[in-house]
Amino acid sequence: MKFETRAIHVGEKPNLKDGGAGDVTVPIHLSTTFARKDIDIPTAGYEYSRSGNPTRDALEQRLAALENARFGLAFASGLASEATVALSTLQAGDHMIAFDDLYGGSRRLFTRIFDERFNVKVSYVDARQPANVAEAIRPNTRLIWLETPSNPLMKLCDIAAIAEIAHAKDILVAVDNTFASSYFQNPLDAGADIVMHSTTKYMNGHSDSIGGALMMNDEALHEKLKFTQNAAGSILAPFDSYLLLRGTKTLAVRMRQHEANAMAIAKYLEAHSRVKSVLYPGLESHPQHDLAKRQMSGYGGMISFELDGTLEQAKRFTESVRYFALAESLGGVESLIELPAVMTHASVPPEERRKIGLADSLIRISAGIENVDDLLEDVEQALKRVLA
Ligand SMILES: *Cc1c(COP(=O)(O)O)cnc(C)c1O
């Protein structure tokens, strides 16, 4: 099955047997517990909904299929899925390496909880150069955490090159694939061990459900992660599992439109005399455009850029657009805009932001799937108003 077909059919089969009603979409199974006919045998394998739920099961099969993976697990949020990776693969005294340009919340989780409270030391490195990752490896390194493209600086990591370095030393590689979505990038195929998504973003795509996902091929690793999912309990609820099943059905068509709109906006901004720089992996001017072409099948819907102006003007720009809601998050059908230094990345210390090149006036856009002419017109009127 091709991607679009898997996205619609895997996990859902109308039940036409045993008095099944033949629903063409999987029902929302809200029951917290499942009755047995026989004390020794759980009916249809279900006992208690934290451990297993038919709606979540359908979703987990779908999630696996979208990453060409054998297994998928669904969580209450992207961060809950990340915490599950750390709780399952690390212990006190271990070391992990993470890309120095991560989603702010990922960094807060690794540093404030695992490093500061559980003695799992974290080294943040510029993973754009695989050699920097190799250099940071210690005898007790157990996990490498990548995010590509990164948030918000659109930096890329070479997944295959880093996986090769890691596997030579028995180190696991996890990739946050939120920005690309499963449609444009499949890190397991490039050699990663675990793929993670904040499904809150593109995978669900409608800004109406917080969720997270992990996909993997190794059976023992799946068992470990599933054990923690049940033991720590950060599962995705049945209603959100249903929403995500529904969202994934249109992932392919949405991503194609997100990308077309983002490409048009990125090109418009790049050609504008009062725009200092545009960060979009699909532009030939992106320093890692070649890697993007090789590693991704498309460039996604996220753009960051800097105006040739003051921080005040950048703030006014984000308030002057009509169709781009001034809001955190990304990946929904509606366009969004934000100032990372003030909003999503405010928890990253200012000196650290400077070190990785995150300017206070950097603007991030999540291009929605509205008509692109409306979006371009909107950007144009806001630029005129702010830079006059
Ligand atoms: C939003 C986001 C997360 C965190 O996911 P939540 O669903 O908000 O917990 C992690 N990584 C990236 C790249 C994100 O954009």
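Reader: How many salt bridges does a search of the whole structure find?

Author: In this predicted model, a search of the whole structure finds 18 salt bridges. Side chains of opposite charge can pair when their charged atoms come close.

Reader: What makes Glu-219 and Arg-70 a salt bridge?

Author: The closest N and O atoms of Glu-219 and Arg-70 are 3.5 Å apart, and the cut-off is 4 Å between a side-chain nitrogen of Lys or Arg and a carboxyl oxygen of Asp or Glu, so the pair qualifies as a salt bridge. Glu-219 lies in helix α8 (residues 219-232), whereas Arg-70 sits in the loop between α2 (54-66) and β1 (71-75), so the pair ties together parts that are 149 residues apart in sequence.

Reader: Which residue has a positive phi although it is not a glycine?

Author: That residue is Asn-68, with a phi of about 50°, and Asn-68 lies in the loop between α2 and β1. Most residues other than glycine have a negative phi, and most peptide bonds are trans.

Reader: Where are the cis peptide bonds that involve Pro-149 and Pro-152?

Author: One joins Thr-148 and Pro-149, with omega about -5°, and another runs from Asn-151 to Pro-152, with omega near 10°. Pro-149 lies in the loop between β4 (141-147) and α6, and Pro-152 likewise lies in the loop between β4 and α6.

Reader: Into which domains is the chain divided, and how many residues are in contact between them?

Author: The chain is divided into domain 1 (3-248) and domain 2 (251-387), and their C-alpha centres lie 26 Å apart. In contact across the boundary are 38 residues of domain 1 and 41 residues of domain 2. Together the two domains bury about 3,300 Å² between them, with 60% of that area on carbon and sulfur atoms.

Reader: How many salt bridges are counted between domain 1 and domain 2, and what makes Arg-256 and Glu-4 a salt bridge?

Author: The count between the two domains is three salt bridges. For Arg-256 and Glu-4 the closest N and O atoms are 2.9 Å apart, and the limit is 4 Å, so this pair also meets the definition. The count of residue pairs in polar contact between domain 1 and domain 2 is 20. On the side of domain 1 that touches domain 2, several helices each supply at least two residues, among them α1 (3-9) and α9 (238-249), while α7 gives the largest share, four residues. The residues of this side divide into 17 nonpolar, 13 polar and eight charged.

Technical notes. Residues are numbered from 1 along each chain as its sequence is written. This is a predicted model: local features need pLDDT of at least 70, side-chain atom pairs count only at pLDDT 80 or more; totals for chains, interfaces and linings use all residues. Side-chain values use heavy atoms; hydrogens and water are left out. Domain bounds come from an automatic or database domain assignment. Contact means heavy atoms within 4.5 Å. Buried area is the accessible area (1.4 Å probe) that two parts lose on being put together, summed over both. A polar contact is a pair of N or O atoms within 3.5 Å; within protein, one must be able to donate a hydrogen and the other to accept it, and residues adjacent in sequence count only if both atoms are side-chain atoms. Ala, Val, Leu, Ile, Met, Phe, Trp, Tyr, Cys and Pro count as nonpolar, Asp, Glu, Lys and Arg as charged, and the others, Gly among them, as polar.
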